[in-house]
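Morning, everyone. Let me put the structure up, and then we'll walk through a few parts of it.

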Amino acid sequence: MPTLGLWAFSSGGLNCWAMGLRRPHPSAFLVEQVFHAPPTVSSRVQCTATYLISLHIFLSYPSVFSFDCYDQFSAPIMKNRSQHKSLFRISILSPFCFFLLQSFSIVTAGNPADSIALDCGSSGNPTASDRREWTVDIGSNLATVHPLETTIAAKAIRQAAEGIPYSTARLSSSEFTYTIPVTAGPKFVRFYFYQTSYPGFDRSKALFSVKSGPYTLLSNFPADFVADSLSVECFVREFCINVGKNQLLNFTFTLFPSFSKGSYAFVNGIEIASTPHNLYYTPPGAYGIPFIGQTSFYEIETSTALETMYRLDVGGPSISPTEDSGLFRFWSDDNEFFRGGVVPDKANNTIKYTKETPAYIAPAEVYQTYRSMGPNKSWNSRNNLTWKLPVDLGFKYLVRLHFYETDPDKTQQSDRLFIIYIDGQIAEFSADAISWSGGNSKPAYRDYLAMIGFEGTSGKYNLSIDLQARDVFTRYSDAMLNGIEIFKLNKTAGSLARSNPEPPKSIFLTKGSQLTGKASSNKKATLIAVGVFVTIGLVLLSLRVYTMFLRQRRESKDHGYKPNFTETKASPFPGEVRFPFLEAKTKEVTHV
């Protein structure tokens with residue numbers, strides 16, 4: 001991060017440093033603010049501001065742009081640098097050189113940020129209800145559509161309550177491509193869909209695929225089925241893609257070739273947001289993340305595309321994009337996926353973000369709410385904190401868990417140790433938030449990789465996350481969790497698309513988007529037929545169970561048999577890992 005004051009540069013045997021200001025200049029604080037600007041501030045704005053501030057400093061304090069240079073090998077024997085014959089002073093006559101230094105520092109410090117929100121099909125630059133500004137997709141320098149003449153910009157016949165960007169859409173009955181120039185680096189890509197009827201386009205005929213470079217993001221995507229399955233009208237699909245240098249970001253919408261006449265593709269909004277380099281991708285030189293069920297570590301390379309499956313604020317309410325920590329992420333509550341009766345709790349202390357867990361990892365609201373098992377050690381020893389999250393078979397998943405220890409009684413390592421299971425396998429045997437974060441009131445997160453099924457398999461599967469309190473080597477037998485994120489990784493061929501169109505239930509929904517339209521008559525008939533068969537099956541099954549119960553009761557009465565179900569422990573670590581099951585104990589059979 002560039003700052004005013006000492007600037008050192010080493011090359012060969014030469015050391016050069018700039019003489020700092022003798023007293024702090026107010027412009028120094030302005031420069032510092034420019035380089036700590038949020039990701040939404042463009043690099044051009046940063047460079048321009050830096051140049052103007054630098055020019056002001058130069059005119060007021062020209063000595064700041066003078067350098068002393070000397071040979072580094074003779075420096076240790078120098079008593080007084082002014083007496084050394086190789087010492088000379090270089091005066092910079094223009095602040096342009098300082099501007100170049102600052103511009104170079106910006107480029108090397110990180111990629112300039114992109115924050116693009118396209119309101120597809122719109123004729124103006126509207127502002128959404130959350131005060132976020134959106135831009136037209138055609139007529140600006142942010143995006144182009146090809147071929148434009150085959151697409152149509154239209155308003156929804158019935159407007160969505162959510163407003164922007166769901167008021168208008170770009171639709172086409174043939175293939176079209178969005179091209180968006182962006183800087184290099186990882187990006188969040190979000191597609192906004194409002195599944196309704198548009199003039200000349202039947203709601204039920206939307207079936208299409210979306211590709212970006214080597215990645216298939218959506219395949220034969222039935223928008224109406226997804227909306228009906230979620231019982232919503234508006235929803236978002238989010239991905240993370242890394243863009244290489246000198247590359248354009250393309251999104252190609254293609255139709256399902258064998259579908260009936262009248263099929264089309266559409267999109268209501270496209271959002272691009274730059275992310276920090278190491279937010280999800282493995283940093284260079286790092287070992288990677290633990291691979292569940294394996295002894296090796298897994299590196300998520302920048303050639304990998306990810307799809308957001310779940311982003312949950314454990315124990316708390318949903319968090320809107322404008323309440324996120326600068327990346328416009330949506331966080332859902334975990335009520336639908338949590339299994340248990342534990343009452344969530346909330347912390348009121350100030351969060352101390354760290355270098356390992358900076359603020360952009362998750363907003364404060366995520367860490368301020370949590371679920372724990374509570375103080376009842378006896379209850380904790382028999383139960384777990386459990387989440388069940390439906391995912392697609394045949395993919396690898398990045399599982400990120402967020403922790404934040406705030407209990408004033410838990411300030412030391414090992415105060416609260418617990419076991420983490422992912423998909424029924426031990427991910428952490430001694431999870432310790434204090435140890436990971438470095439202290440109380442400091443957040444931490446842990447990443448794991450899980451392979452669900454095998455590549456080539458299809459269907460739905462409940463990915464489980466279980467936290468289990470430890471009985472020994474800890475002061476408090478308890479477990480806690482603040483947040484959950486789950487991301488799907490693309491297959492070898494670059495596909496993120498599921499073969500089963502059923503979406504995860506936590507897909508980003510918009511409040512107030514419950515369906516009000518009627519289902520088609522064919523769907524109603526199918527549902528009625530299924531209901532009849534299910535009812536008949538349940539009746540027959542009930543009769544069979546009742547008959548077996550009467551027979552067992554007579555046998556028990558005649559021979560003195562009485563089942564007694566008790567919980568038992570089975571563990572490779574005595575008193576630690578528990579898998580509850582039922583064991584039937586029978587008395588000795590006696591005959592009268």
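Which residue just after H4 takes a positive phi? Ser231 does, with phi at about 60 degrees.

Some ground rules. This is a predicted model: local features need pLDDT of at least 70, side-chain atom pairs count only at pLDDT 80 or more, and totals for chains, interfaces and linings use all residues. Residues are numbered from 1 along each chain as its sequence is written, and side-chain values use heavy atoms, with hydrogens and water left out. Helices (H or I, at least four residues) and strands (E, at least two) are DSSP runs, numbered from the N terminus.

Back to helix H4, residues 223-230. Ala223, Asp224, Val226, Ala227 and Leu230 are buried there. Buried means under 20% relative accessible area, with exposed over 50% and partly exposed in between (1.4 Å probe, protein chains only). These residues cover an arc of only 160 degrees around the axis, so they sit on the same side of H4. That arc is taken from the directions from the helix axis to the C-beta atoms.

Now the sheet. It is open, with 3 strands in the order E8-E9-E16, paired antiparallel. Pairing takes at least two DSSP bridges between two strands. E8 (151-155) and E16 (265-267) stand at the edges with a single partner strand each, so one side of each has no neighbour in the sheet. E8 and E9 (residues 168-172) are joined by 5 bridges. Ala154 stands opposite Ala169 in E9.

Last, cysteines. Cys120 is buried at 0% relative accessibility. Cys234 is buried too, with a relative accessible area of 0%. The structure holds 0 disulfides, counted as pairs of cysteine sulfur atoms within 2.5 Å.
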